[in-house]
Amino acid sequence: MIGIQIFLIVVLVFIMGNFLASQNSSRTKAWKKMLLLAFFAAAIFIILLPDSMNRIAHAMGVGRGADLLLYGLTMAFIFTQLNSYVKSKQEQRRLVVLARKVAILEALSKNSHD
Amino acid sequence: MKSETYIIIPVYNEAKVVGDVIREVKKHFKHVVCVDDGSRDNSAAEIVKAGGILVRHPINLGQGAALQTGIEYSLHDPKAKYFVTYDADGQHQLDDVRAMLKVLDEGEFDIVIGSRFLGKEAENMSPFKKALLKMAVKFTNRTSGLQLTDAHNGLRVFNRHVAQRLNITMPDFAHASEIVERIAQENFKYKEVAVTIVYTDYSRAKGQSIFNAVNIGFDVLINRIIGK
């Protein structure tokens, strides 16, 4: 096993361990975890057998393994960007509801309807 | 009718003009709810000085959020029967409000919307803005299935039923499209009434940037995807 392989696997295991420990488990998040586990398995598989990436790419009609990796990365990037956009919009709505409550309570305590 | 009507004015950095607008409205209506949307100038002080009811967002949330806050505040008064959304920059006319309230009071409609393109022409409106607003109306009519001539007018008058069910969630300027969509979803009985908008140098400078049309269109589509 060469140095870079050991390094990458150690880093991956570390990230995975942290991820699984930090997230509070709920059913809605379960599928994301499954995907992530599959990703880690695939990553370790490819680190150990780098040539397999080329073979998979050829089988899918892509020139090089590195190209396939780039396509995959692009998709993953777009997905996470959209995901965080939607999340931030949802957060914004929660914030609006909260701030509105504060504003109304403050106003009601100052001005009484007559 | 005067004491059953709530005028709701979203205010964001309008310290220069909001006082005069409130004083003018106060001559005819008792309840003027001003939602200060986290202004950085002294709008809040001007509102209090002019006798408006101040409801103050702790942070800036957007005009749509301010309108919803004003509506929810007004609903706390069980006697509130009519709700008017009114701009802080003085571009709306109180005569129009009275005419719209009269239509609403007849009871046939739930919501009466001001239109700049129905009969009377908008004063001093730039041709480019006119073209853009007409395009916006086509977009809104297409997505909502309603037949309106002006979807982005800030002057609206509606009854308690609408106030309770409107539930504006789009915090920024996309709320105008959202209100039209809500009218379609809830089957509110609506009517458009011709109103005059006076574009002063002040309101023109404060008005929405043309580029905002892109933001609004995008937000409306995203809202579809996210859902409520």
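The model is a predicted one.

Next I looked up the axes of the two helices. Helix α3 of chain A covers residues 50-59 and helix α4 of chain A covers residues 65-110; their axes come within 7 Å and cross at roughly 75°. Angles of 65 to 115 degrees count as roughly perpendicular, so α3(A) is roughly perpendicular to α4(A).

I then turned to chain B. I found nine helices and seven strands in chain B. Chain B has 228 residues, and 48% of them count as buried. I also checked the contacts in chain B with a separation of 6 or more: residues 24 or more positions apart account for 76% of these.

Last, I looked up how the chains meet. On one side are 19 residues of chain B, in contact with 15 residues of chain A. Which elements of chain B each supply at least two residues of the side that touches chain A? I listed β3 (53-56), α3 (63-75) and α9 (212-226) of chain B. I noted that α3(B) gives the most to this side of chain B, with five residues. By class, I recorded eleven nonpolar, five polar and three charged residues on the side of chain B that touches chain A.

Definitions and conventions. Residues are numbered from 1 along each chain as its sequence is written. Chains are lettered from A and ligands numbered from 1 in the order in which they are written. This is a predicted model: local features need pLDDT of at least 70, side-chain atom pairs count only at pLDDT 80 or more; totals for chains, interfaces and linings use all residues. Axes are lines fitted to C-alpha atoms, for helices over the stretch in contact, and angles run from 0 to 180 degrees between N-to-C directions. Helices (H or I, at least four residues) and strands (E, at least two) are DSSP runs, numbered from the N terminus. Angles under 35 degrees count as roughly parallel, over 145 as roughly antiparallel, 65 to 115 as roughly perpendicular and the rest as oblique. A residue is buried if 20 or more other C-beta atoms lie within 10 Å of its own, exposed if 12 or fewer, and partly exposed in between; C-beta atoms are placed from the backbone. Two residues are in contact if their C-beta atoms, placed from the backbone, lie within 7 Å. Ala, Val, Leu, Ile, Met, Phe, Trp, Tyr, Cys and Pro count as nonpolar, Asp, Glu, Lys and Arg as charged, and the others, Gly among them, as polar.
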